[in-house]
Structure formats: structure tokens, C-alpha cells
Amino acid sequence: MATTTTSIGGGGGGGGGGEDRVMATAQQIVKSLNTPKEVQEDMLLIFSSFDNRLSNISSLVNSGDSKREGDRYEAAEKLILRWDSGPGASRNSLNWEDSPEEAAEYLSAVDDIVQWIDELSIRSDSAEIVDRAENAIQIAMSRLEDEFRHMLIRNTVPLDAEHLYGSIRKVSLSFASHDSENSDEFESFADVDRGSGIFHERGVSLGDDLRVDLINPDAVVDLKEIADRMIRSGYEKECLNVYTGVRRDALDECLVVLGVEKLSIEDVQKIDWKILDEKMKKWIQAVKVSVRVLLTGEKRLCDYIFSGSDDSEEVCFNETAKGCIRQLLNFAEAIAIGERSVEKLFRILDMYEALEYVLPDLQAMITDEFVIEEAQGVLSRLGEAAKGTFVEFENAVRNETSKKTMLNAEIHPLTRYVMNYLTLVVVYSKTLDALLEGDDEDLQHLGGDGTENSELETMSPLPRRLFSLLSSLETNLERKSKLYGDDSIQYIFLMNNIQYIVQKAKDSELGKLLGDRWVRKRRGQVRIYATNYLRASWGKLLTFLKEEGTGGSSNSALKLATLKEKFKNFNAGFEEIYRIQTGWKVADAQLREELRISVSAKALPAYRAFLGRHGSQLENTRHAGRYIKYTSDDLENYLLDLFEGSPQVIHNLRRKSSS
């Protein structure tokens, strides 16, 4: 019995030591597995179900864990305080680029403190510890805010406009003008460069894949890491303020590089047209680049850096983009409400089309309805400005009343300007059709026949307006032709101008808009003018070659005198026509050649027949060369000099007088 009792007692005494060994062994097993805390607790519950001596192990393990976690939080707090950038603290740089390990360690410390605060929030006895943790996180956020700002500034990539535009396809249009005879009375159309071509550059067309780096790509991940910590810590507003402030300034710099200045509406309206034209061209390029490249890139950055917080993404981009958009819209607004003049039309249309082009992108990116409504309003006012400017052009053509004639019956500057202008207008036909919808004119005043007016009713708004405008131009030219005292030059003037109108229409989209019938009718009008010219200019001269008084008379002396008078009058009339009409200019080479052929066909057969019938009667008379001065070949050669725009005089007689 004694032996048995000692054994139990020994077992009992050894039982206390055995329990310690069992618990120590269980703790060691759990720790060696390196499992999460929740899993450790589950394992200890399982152990305790096998041996009641393990019932207290959970509290012992938790006590040890709490101590280790406390040590970890204190280490994190110590690390954050070491980098304290508050007032009076020595500022040490984390040097994110050169020491990523150091930066990662700091961010890990921030994560620990944030987690510590989360855990303390559910305890009732942790007020003092919470204060310590919140103080640490406040210090950390101040540091991260500074790092975020400096990282954004250091890694902003300046816009290289030269490289950018090298990747962009330029679309240009030009038309030639040679109206060196513009009169002072025609200053309303003085934008036509004299003796040179007019060049209208429509701006740039951007590819969908054009992208530029706005921030060094290597820094974007670090920026997101900082933003994530600031948002998790409740410093989202501060983070957004820093980001939007830096990126707004960067976008302002981009606009400067693109040539867009900060100007008030009053400033814009005071700028001289030539300078303003350059600024408008730069704006057209800038609005496309800004929206399709810069703001699209900014949206990608915002979405990445602030991913996980939809509100932050939205606020970030709206606030970043707003200043850039408003600066662009302010300039467009100044143009839209400015003074209207015909030379501005194409640039205004370019601005309208550029803004219309990027508006869907803005609507997809910007959620601030006020900004979108502002953009839509400016677009609408640009459209009204373009429409109003086109009306100004129509009125200028109808009301142009210069009295100066073209000395050589050449193409009038008004005709050149209008047709060159319209060849550009039709390039914008789709836009102008939309803008002019609902503003159609009454067709009664156009003066077309019933068929023409019927065709007009089926046309879209722009072709109808062009038909009206060209009818006004033709009426104006008819009035100007009356300024010439001689019927012949009136018809040459009208031929020149109508032929120019037809040719310009044929060589551009204008002819397609107006239709084949319109072109054929004007060509027929040119032929009518040619016929009228022949009648007015050569009809009277050829009356001298009629047979009246040259036959059926018994008085040969009277007949001879009549023949001499007829030849003399014909020669004088021909020389006068030659002197005058070599100075007239028929600009179109084909028309000039056709007109000479028509003159030859009318004049030469009559002269050849008259000379054949009566030339022999004068051959043997005294001074016959005074009357028969030219052969039909001579006349044919002289006719080749007509309509060259260089007055000439016949000095040398081709035939010698006989004694």
C-alpha cells in the first residue's frame, strides 16, 4: 500500500510538472506550425478535448501573441516617428526611387498602425493607446502627403508638342487666287491674298491609339501604394487635393505648350485678326489633343491610382480636368460671341467640328453635368456664329456694289473670291447642312425656271443656299457688265466670269451639290454670250462685205469707188478690233481657242469670198494696196493674237501698193 501511495503521490507530485511539460509541448507544436491566430485557437480547442490539463493554454498563447503584437505596433510607431516631418522635426527623405526597401518598410509600418487602430476600436480600455496610434497615423499621413506631392511633381513628364505633332496627320486645303486687280471698293473681300494662294489648314486628325506618358510609368505604382494608405486611413480628401492640384498645374503647362493662353473674353475680342487666326488654329489642335490624348490619359491615371474607390476616381478626374476644359471653352465662347466677319467662317467651322468631335469623349469621362452643359452651350453658340457668318457672306455678295470695271474684261475679284470661298464651304457641307436646317430661304426670288425650282425643293439646305448665292452673284455680274460702254466687251466679261464659275464648280464638290443640270445651263449661257459677242463685234464689220452697191450698175467708176470704200472701211474696222481686242483677256485657254475659231469661222469665209469676187477689180488700180491690205491668211494669223490681254497695233502692211 505504501508503495502504491508513494507512486500516486509521486505521480501526483510529478503530475504538476507533467502538466507544465504537456502545455509547453502543445504551445511549441502550435507555434512551429506558423499558422494564423484563428487556426491556432482551433487547434488548442482540439488538444484540450483530449486532455483537460490543456484547458488554460489558450489564454497563455493569447497573452504571448498580444505581447508580440504590441511589440510590432510599437516598432511600427517608432519607425513612423523616426521619419516625422512635423514642425521642428528633422526632415529625412524616404528616397522612394533609390531605396524601395525603405519605402516598403515605411508602408508596412503604416499598415500595422492602421490595423492596430482597427483592433483598438473594439476595446473599452484603450483610450490612451488609441491616442498614440492616431498620433502616429497623423504623422505618417503628413509624411505620405508630402511624398505623394513630390513624387507627382518629380515624375510629371513634360509634353513634347513637336514629337506629338509629328505623330499627327495634318489635313489641309488650299485654293489659288490671282486677283491683283482688287479695287479699294472691294475691301470686304480683301482677305484674298493678292498674287498668292490662300491656304486654309483645317488642323489635325488624331488616331485612336495615340498616347503619351503623363507621369513616369515607374512611379505610378508607388503613387497608388501611397494613395491606398491615405484612403484607408481616412485621408482621402487630402490625397485628392494634392493630386488634383499638381495635375491641374501640369495640364495648364500642357496648354501653354500647345499654344493656348489664359485670356479673358475681352482680351480675345481685342486681338487683331491675323494673330487671332493663329490662336484659333492652335486652339483647334489643342482641344483635340487635350481631350483625346491628355484628358484620356488623366482618366486612366485617376482610375488606376484611385481604383477601389469609385467616388475618388470620379472626383479626382472631374477636379483635375475642369480647369483645362474651362480654359478651352472660354476661348471658344469669346469667338462665338465676337464680331462676325466673312474671313472667320472656316476657322469657326473648324472650331465647331473640333468641339463636336471631342464632346462624346468628354461626356463619357466627365460626370459633372454643369461642365458638360457648358460645353454643349459653347458648341451651340459656335454653330450659331458659323451660321451667322455664312449669312454675312451671303449679304456681302448680294450687296457688293463696286463700280470699277476690269480693264481687259477679265474675271472680277468678286467672282474669284466667291468661288474660292464656296469651294471651301462645300468641304463643310455636312456640318453646314445641319446648322442651316430650318433656315431655308424662299425660292421665289431665285429666278430659276419651274424645273430648277422643283429640283431645289428636293435639295438639302446648303445646296439651296449655294444656288441662291450664285444666282445673286450672276445678277451682280450682269449689273457690272453694264458698266462697260461697248456690248462686245460686256459679253467677253460675262463669258469669262460664268466660265470661271462653271470651271470652279466642276473642279470641286460644288458641282456635285449643284447638279449636272445647273452646270449644263451655265455652259449654255457661255455659248449664248459667245454668239452675242460675235454678233455685236463682227456683225457690223462684216456688213462692209455685203454686195450692196457692187453689182448691177452700168457705172463702173461708181462700182469701183464703192468697192474701195468697203475695203477701206473693213480694214479700218478690223484694225480697230485688233487693237482693242488683243488687249482683252479670255482667261480660260480652251474658251479662248474656241472663241478664236468662232471668229475665224464667221469672218474669214466672208472676207475670202468678197476678196475672191472683187479683188481682181482693184488689183490694177492705183494704190490698190491701200484697199486690199490683207489676204485671208493674214487675217487668220492676226486673229490668233486676240484675247491675250496685251494690246497690239498692226504696223506693217502685208501687201505693197502698186503704181
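Trainee: Buried means under 20% relative accessible area, exposed means over 50%, and partly exposed is in between (1.4 Å probe, protein chains only). Which is Tyr 630, buried or exposed?

Mentor: Tyr 630 is buried, at 0% relative accessibility. Bear in mind that this is a predicted model, where local features need pLDDT of at least 70, side-chain atom pairs count only at pLDDT 80 or more, and totals for chains, interfaces and linings use all residues. Residues are numbered from 1 along each chain as its sequence is written, and side-chain values use heavy atoms, leaving out hydrogens and water.

Trainee: OK, rings next. How many aromatic pairs are there?

Mentor: There are 17 aromatic pairs. Rings of Phe, Tyr and Trp (its six-membered ring) pair if their centres lie within 6.5 Å; planes under 30 degrees apart are stacked, over 60 edge-to-face, and the rest tilted. One of the pairs is Tyr 533 with Phe 643, edge-to-face, at 5.9 Å centre to centre with 70° between the planes.

Trainee: Where do those two sit in the chain?

Mentor: Tyr 533 is in helix 20 (residues 516-542) and Phe 643 in the segment after helix 23 (632-639), 110 residues apart. Helices (H or I, at least four residues) and strands (E, at least two) are DSSP runs, numbered from the N terminus. Tyr 533 is buried at 0%, and Phe 643 is buried at 0% too.

Trainee: And what does Tyr 630 do with Tyr 638?

Mentor: Tyr 630 and Tyr 638 make an edge-to-face pair, 5.8 Å centre to centre and 85° between the planes. Tyr 638 is buried, with 6% relative accessible area.

Trainee: Switching to cysteines. How many disulfides turn up in the whole structure?

Mentor: The search finds 1 disulfide, meaning a pair of cysteine sulfur atoms within 2.5 Å. Cys 302 and Cys 316 form the disulfide, with their sulfurs 2.4 Å apart.

Trainee: Why is it called left-handed?

Mentor: Because the torsion about the S-S bond of Cys 302 and Cys 316 is about -60°. The bond links helix 10 (residues 273-305), which holds Cys 302, to helix 11 (residues 310-336), which holds Cys 316. Cys 302 is buried at 0%, as is Cys 316 at 0%.

Trainee: What about Cys 239?

Mentor: Cys 239 is in no disulfide; the nearest cysteine sulfur is that of Cys 316, 8.5 Å away. Cys 239 is buried, with a relative accessible area of 0%. Cys 324 is in no disulfide either, with the nearest cysteine sulfur, that of Cys 254, 8.1 Å away.
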